[in-house]
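Here is a friendly walk through one model, with the structure alongside. Let's start with a pair of helices and go on from there.

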Amino acid sequence: MRTSPPSNKLRDLSTQLRPADNKFPLAQGSFSDVYRGILTQDNVDAQVAVKVFRVSPDKQKNAVVFEHYRREVQAYELLHPNRLVAEVLGVATIRDKPALVMKWYKNGDIARYLHLHPHVSVRQLILDIVQGLKYLHSNYPPVVHGDVKPSNILVDDNGRAILCDFGSTHILDGTEFTAANLSRSCRFMAPELLPTVIDDDSPPPTPTSTSDMWSLGCTIAQLVTCKKPYHTRRFSSQVVLSIVNGLPPYTEADFINARNMNEVDQCQVLWGVVERCWEMAPVRRPAVDEFEF
Ligand SMILES: Nc1ncnc2c1ncn2[C@@H]1O[C@H](COP(=O)(O)OP(=O)(O)OP(=O)(O)O)[C@@H](O)[C@H]1O
Ligand SMILES: [Mg+2]
């Protein structure tokens, strides 16, 4: 019988943490507020990011938030420290809320970074993201990210892209998938993840490596075009309808006419793979190692 490799248990750093300059979060996601903190280890102070999960008085919402926290801790404990994924130093409890203590990435997420540095080449950033996802999908056991999108990709101090936000992760190790209704970002979501039948008893669809490929295609296209998937549709309901009706999130013209790729030839090769990420049949989508450009 195959057994999982030993995990790196995250340490509780609560007693070594104090808030940094400012008491307001510097960034917010759907499930968490991210603060800057100071971590003292061996008498040395370091700036860190503290991702505090927003537990609420609503019990059902709490279950979803705790599930995100649990998945994220499990993923970081499984994945060995690596330059392709964000560095997590430990866990903490902040005002009774669970938190992750991470390295502070001053460049923030890739959407913000490209907004502030519009002239950087996106090619290396895309290659980094592809490498990161390849690492997850070829891990033992394989890891499905489940929520690939620009706000879940950080940029390190060397300007390299790294994956973060493992709250929707699914580890393909045969253990039961918890049927928590984890809301993912519908603009980046594969059609098979959108529940089309109204039936309260059925568990929500499970993300897979092929649904990650749909989201990877959308993420790459957003970086190249600076436009969101389905940018001509304003409302989520229009987006969902477009996805289930098989309309692709971008056209070839959106992609090829974008200014963000320096070389037109490279752009055309990349489009050829990206476009296949939006095949309605998951088996027809490319695997992550088919990205070469
Ligand atoms: N270590 C970090 N250093 C700097 N900024 C960070 C760090 N971690 C997260 N952020 C910022 O905080 C935002 C929210 O973080 P994250 O995506 O992990 O939270 P979430 O609540 O799980 O989000 P989502 O809405 O995607 O579910 C990121 O998009 C990024 O801008
Ligand atoms: Mg996020």
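## Two packed helices

Helices α3 and α4 run roughly antiparallel to each other, because their angle is over 145 degrees. In this predicted model, α3 covers residues 122-137 and α4 covers residues 209-225, and they pack at about 170° with axes 11 Å apart. Axes are lines fitted to C-alpha atoms over the stretch in contact, with angles from 0 to 180 degrees between N-to-C directions. Helices are DSSP runs (H or I, at least four residues) and strands are too (E, at least two), numbered from the N terminus.

On the α3 side, the contact (C-beta atoms, placed from the backbone, within 7 Å) includes L125 and I129, and on the α4 side it includes L216 and L223.

## Around ligand 1

The shell of ligand 1 holds 22 residues, and A27, G29, S30, A49 and D165 are the closest. A residue is near the ligand if its C-beta atom, placed from the backbone, lies within 6 Å of it. Strands β3 (32-41), β4 (44-53) and β6 (97-103) each contribute at least two shell residues.

Ligand 1 lies between domain 1 (14-103) and domain 2 (110-290), since both give residues to its shell. These bounds come from an automatic or database domain assignment.

## A look at C186

You will find C186 in the loop between β10 (170-171) and α4. Beyond its neighbours within four places in sequence, C186 contacts S236, V239 and V240. C186 and V240 are 54 residues apart in sequence, with their C-alpha atoms 6.9 Å apart.

## Reading the numbers

Residues are numbered from 1 along each chain as its sequence is written, while chains are lettered from A and ligands numbered from 1 in the order written. As this is a predicted model, local features need pLDDT of at least 70 and side-chain atom pairs count only at pLDDT 80 or more, whereas totals for chains, interfaces and linings use all residues.

Conventions. Angles under 35 degrees count as roughly parallel, over 145 as roughly antiparallel, 65 to 115 as roughly perpendicular and the rest as oblique. Two residues are in contact if their C-beta atoms, placed from the backbone, lie within 7 Å.
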